[in-house]
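Please open the structure in a viewer and keep the selection tool at hand. The stops below proceed one selection at a time.

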Amino acid sequence: MLFGTLYMMSDVPVVHECFMLEALREARLALHSAEVPVGAVVVVDEVIVGRGHNQRQTLRDPTAHAEVLALRQASQYLGQWQLTTATLYVTLEPCIMCLGAAVLSRIGCLVFGCKDPKAGACGSQFDILGMKRLNHTFPVIGGVCQDEASSLLRGFFQALRRRGGRVVEGG
């Protein structure tokens, strides 16, 4: 959110859609590894400098969310932790942990696909950036490639329910 405004897809340039398609590609990698299909890319000057997809099961790491992994890779690639000129693209509205990582890395902008009504920290469940105590905030653009992102997640969880809640490799 930028001063309480969440921008939606009708206001979004085509470049955001192009990079969100890359984040969706990452989400599909997560799906093929039986992970919740969330993907992220970090972009600086229209170049992808970090990629990530959920790997909590694979790495046995509760912090291995797509956003955290993409931010780590971007920081390593750029040789610094401050990502002030970066835009983080993620297929699902970030949770509190991931939004916290984005704030702490000082990103310049966040673009997400679909809302997360259960854990979203950009207004769906929590409004972290609306807190006046934060020393860094950034604009948030939601709804980019929302249908594709939502469809991936919906399909994953429908298949999971059909299997009785068991994660099986290959989504």
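**Conventions**

This is a predicted model, in which local features need pLDDT of at least 70 and side-chain atom pairs count only at pLDDT 80 or more, while totals for chains, interfaces and linings use all residues. Residues are numbered from 1 along each chain as its sequence is written, and side-chain values use heavy atoms, with hydrogens and water left out.

**Whole protein**

Display the protein as a cartoon. It contains five helices and five strands, where helices (H or I, at least four residues) and strands (E, at least two) are DSSP runs numbered from the N terminus. Read from the N terminus, the order of elements is α-β-β-α-α-β-α-β-β-α. Of the 171 residues, 48% are buried; buried means under 20% relative accessible area, exposed over 50%, and partly exposed in between, with a 1.4 Å probe and protein chains only. Among contacts with a separation of 6 or more, 61% join residues 24 or more positions apart, a contact being heavy atoms within 4.5 Å.

Next, select strand 1, residues 39–44, which runs antiparallel to strand 2 and is joined to it by six bridges. Opposite Val44 stands Val47 of strand 2, Val43 has Ile48 as its bridge partner there, and Val42 is partnered with Gly50. On its other pairing, strand 1 is antiparallel to strand 3 over five bridges, and Val42 stands opposite Leu88 in strand 3.

How many residues of strand 1 are buried? Six of its six residues are. In a regular strand the side chains alternate between the two faces of the sheet. Here both faces are covered, with Gly39, Val41 and Val43 buried on one side and Ala40, Val42 and Val44 buried on the other.

**Two positive phi values**

Select Ala34, in the loop between helix 1 (14–32) and strand 1. Its phi is positive, about 65°, although it is not a glycine. Ala34 counts as buried because its relative accessibility is 6%.

Then select Asp45, in the loop between strand 1 and strand 2. These strands form a hairpin with two residues between them, and Asp45 in the turn has a positive phi of about 50°. Is Asp45 buried or exposed? Asp45 counts as exposed because its relative accessibility is 69%.

**The largest pocket**

Show the pocket surface. The largest pocket holds about 730 Å³ of space. On a 1 Å grid over the protein atoms alone, a cavity is a set of points where a 1.4 Å probe fits but cannot get out, and a pocket is an open set with protein on both sides within 12 Å along at least five of seven lines; lining residues have an atom within 4 Å of a point. Grid points are joined across faces, edges and corners, and the volume is the space filled by probe spheres set on the points.

Select Val36, Leu92, Asp116, Leu153 and Phe157, which are the closest to the pocket centre of the 28 lining residues. Helix 2 (56–59) and helix 5 are the elements that give two or more residues to the lining, and helix 5 provides the largest share, seven residues.

How values were computed:
Pairing = 2+ DSSP bridges.
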